[in-house]
Amino acid sequence: KTAFQPDKLNYLMLMMVDPDVHFHVLPRYEQPRRFNGHDFSDGFWPKPVDLTQPAMSDAAMLAEIREHLRRHWPRRGS
């Protein structure tokens with residue numbers, strides 16, 4: 001929550017292609033958010049996300065988001 005301050009979080013438990021049951025956490029936003037000079041909108045708000053639509057494929061931006069999440073991930077004992 002501290003990394004991107006979503007308005008809601010959607011949790012999905014899936015087992016489709018991957019044989020292991022796993023969770024996906026989808027941050028949801030009523031208004032666009034700006035990150036690293038780019039605007040991100042939740043075009044499905046307030047309805048469920050359409051998982052058949054392609055996700056972002058910009059490898060550099062995904063790496064920046066991943067690093068941002070790592071910096072905000074709670075540490076043990078914190």
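**The nonpolar patch and its surroundings**

Author: A nonpolar patch on the surface is formed by Y11, M13, M15, V21, F23 and V25, which together have about 690 Å² of accessible area. Such a patch takes residues with over 30% relative accessible area and no salt bridge, joining nonpolar side chains (Val, Leu, Ile, Met, Phe, Trp, Tyr) within 5 Å, while like charges are joined within 9 Å; the areas come from the Shrake-Rupley method with a 1.4 Å probe, and for residues only the protein chains shown count as cover.

The model is predicted, so that local features need pLDDT of at least 70 and side-chain atom pairs count only at pLDDT 80 or more, whereas totals for chains, interfaces and linings use all residues. Residues are numbered from 1 along each chain as its sequence is written, and side-chain values use heavy atoms, with hydrogens and water left out.

Strands β1 (8-14) and β2 (22-28) each supply at least two residues of the patch, where strands (E, at least two residues) and helices (H or I, at least four) are DSSP runs numbered from the N terminus. V21 sits in the loop between β1 and β2, and its relative accessibility of 48% makes it partly exposed; on this scale buried means under 20% relative accessible area, exposed means over 50%, and partly exposed lies in between (1.4 Å probe, protein chains only).

V25 also belongs to another feature, because it is one of the residues, with L26, P27, Y29 and I65, that lie nearest the centre of the largest pocket, which is lined by 37 residues. The elements giving two or more residues to that lining are β1, β2, β3 and α1. The space in this pocket is about 1,500 Å³. A pocket is found on a 1 Å grid over the protein atoms alone, as an open set of points where a 1.4 Å probe fits, with protein on both sides within 12 Å along at least five of seven lines, and its lining residues have an atom within 4 Å of a point; the points are joined across faces, edges and corners, and the volume is the space filled by probe spheres set on them.

Side chains of opposite charge can pair when their charged atoms come close. Five salt bridges are found in the whole structure, each being a side-chain nitrogen of Lys or Arg within 4 Å of a carboxyl oxygen of Asp or Glu. In one of them D42 meets R28 at 2.6 Å, N to O, and this pair links distant parts of the chain, since D42 is in the loop between β4 and α1 while R28 is in strand β2, 14 residues apart. Both partners are buried, R28 with 3% relative accessibility and D42 with 15%.

D7 and R33 form another salt bridge, with their closest N and O atoms 3.5 Å apart. Here the segment before β1, which holds D7, is linked to strand β3, which holds R33, across 26 residues. D7 is partly exposed at 40%, and R33 is partly exposed at 24%.

The segment before β1 and strand β3 take part in an aromatic contact too. The search of the whole structure finds one aromatic pair. The ring centres of F4 and F35 are 5.4 Å apart and their planes stand at 70°, so the pair is edge-to-face; F4 lies in the segment before β1 and F35 in strand β3 (residues 33-35), so the contact ties together parts that are 31 residues apart in sequence. Rings of Phe, Tyr and Trp (its six-membered ring) pair if their centres lie within 6.5 Å, with planes under 30 degrees apart counted as stacked, over 60 as edge-to-face and the rest as tilted. F4 is partly exposed at 24%, whereas F35 is buried at 14%.

Q5, in the segment before β1, has a positive phi of about 50° although it is not a glycine, and it is exposed at 55%. N36, in the loop between β3 and β4, has a positive phi of about 55° without being a glycine, and it is partly exposed at 48%.
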